[in-house]
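Work through the exercises below with the sequence and the model side by side. Try each task before reading its solution.

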Amino acid sequence: IPAGVNTSFEMDVFPRLLASGRPVYAYISQGYWIDIGTPSKYLQAHRDIFQGRFVPTITSFRLSPENSHSQESCACLIQNSVVDSSTSLGNGSRILNSAIDGDCQVGEKTVIDGSVLWKGVQVGEGSELRGCILGNSCRVGPHAVVGEGVVLGDNSCISAYSRLSAP
């Protein structure tokens with residue numbers, strides 16, 4: 001595989017191996033496996049964890065069944081989510097079936113449902129994020145809506161009151 005070139009195993013590597021007469025082997029596993037090479041599959045893997053279909057062997061996080069984020073004076077709801085302890089949650093925020101990495105800031109009365117937020121994301125008050133992926137250090141302005149299937153790259157900025165949806 002050439003360095004620095006995006007390569008698909010099923011479209012590039014396996015056919016070349018077979019065409020060259022090299023052996024190709026398989027392993028049948030009874031364990032969980034999913035190809036997370038697309039945003040929808042990446043989110044599906046998270047949903048599978050939150051719904052108990054897969055229990056990761058890593059122990060560096062704990063699934064929050066409800067309201068277990070330790071933050072003083074925060075009246076917020078957290079269900080089936082992983083929220084890093086360095087994340088700040090505003091009063092009235094609701095975090096459902098989502099993963100939020102460290103150093104994020106979530107404004108008051110914000111809803112985050114079925115989404116993944118990477119490190120350093122800021123979400124303004126009254127915003128809604130549903131079924132989306134936000135890369136590192138994204139900024140979502142107040143009262144914005146980021147919908148199902150939207151993927152924001154690192155450092156993306158969404159203005160207040162914007163509405164984003166996937167095609």
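**Exercise 1.** Is W118 buried, partly exposed or exposed?

*Solution.* The model is predicted, so local features need pLDDT of at least 70 and side-chain atom pairs count only at pLDDT 80 or more, while totals for chains, interfaces and linings use all residues. Residues are numbered from 1 along each chain as its sequence is written, and side-chain values use heavy atoms, with hydrogens and water left out. The classes of accessibility are set with a 1.4 Å probe on protein chains only: buried means under 20% relative accessible area, exposed means over 50%, and partly exposed lies in between. W118 has a relative accessible area of 34%, and therefore counts as partly exposed.

**Exercise 2.** Describe the aromatic pair that Y42 and W118 form, and say where its two members lie.

*Solution.* Start with the rule, by which rings of Phe, Tyr and Trp (its six-membered ring) pair if their centres lie within 6.5 Å, with planes under 30 degrees apart counted as stacked, over 60 as edge-to-face and the rest as tilted. This rule gives 3 aromatic pairs in the structure. One of them joins Y42 and W118, with 6.4 Å centre to centre and 70° between the planes, and is edge-to-face. The pair links distant parts of the chain, since Y42 belongs to helix 2 (residues 39-50) and W118 to the loop between strand 8 (116-117) and strand 9 (122-123), 76 residues apart. Helices (H or I, at least four residues) and strands (E, at least two) are DSSP runs, numbered from the N terminus. Y42, with a relative accessible area of 19%, is buried.

**Exercise 3.** Where does S115 lie, and which residues does S115 contact?

*Solution.* First find the loop between strand 7 (111-113) and strand 8, where S115 is located. S115 is buried, with a relative accessible area of 1%. Contact means heavy atoms within 4.5 Å; leaving aside neighbours within four places in sequence, the contacts of S115 are L43, N97, S98, A99, L129, R130, G131 and C132.

**Exercise 4.** Which residues does V150 touch, and how far apart in space are V150 and G131?

*Solution.* V150 sits in the loop between strand 13 (145-146) and strand 14 (151-152), and at 8% relative accessibility V150 counts as buried. When residues up to four places away in sequence are not counted, V150 touches G131, C132, I133, L164, S165 and A166. From C-alpha to C-alpha, V150 and G131 are 7.4 Å apart in space, although they are 19 residues apart in sequence.

**Exercise 5.** Summarise the protein chain as a whole.

*Solution.* The secondary structure of the chain comes to 2 helices and 16 strands. Of its 167 residues, 35% count as buried. Among the contacts with a separation of 6 or more, 7% are accounted for by residues 24 or more positions apart.
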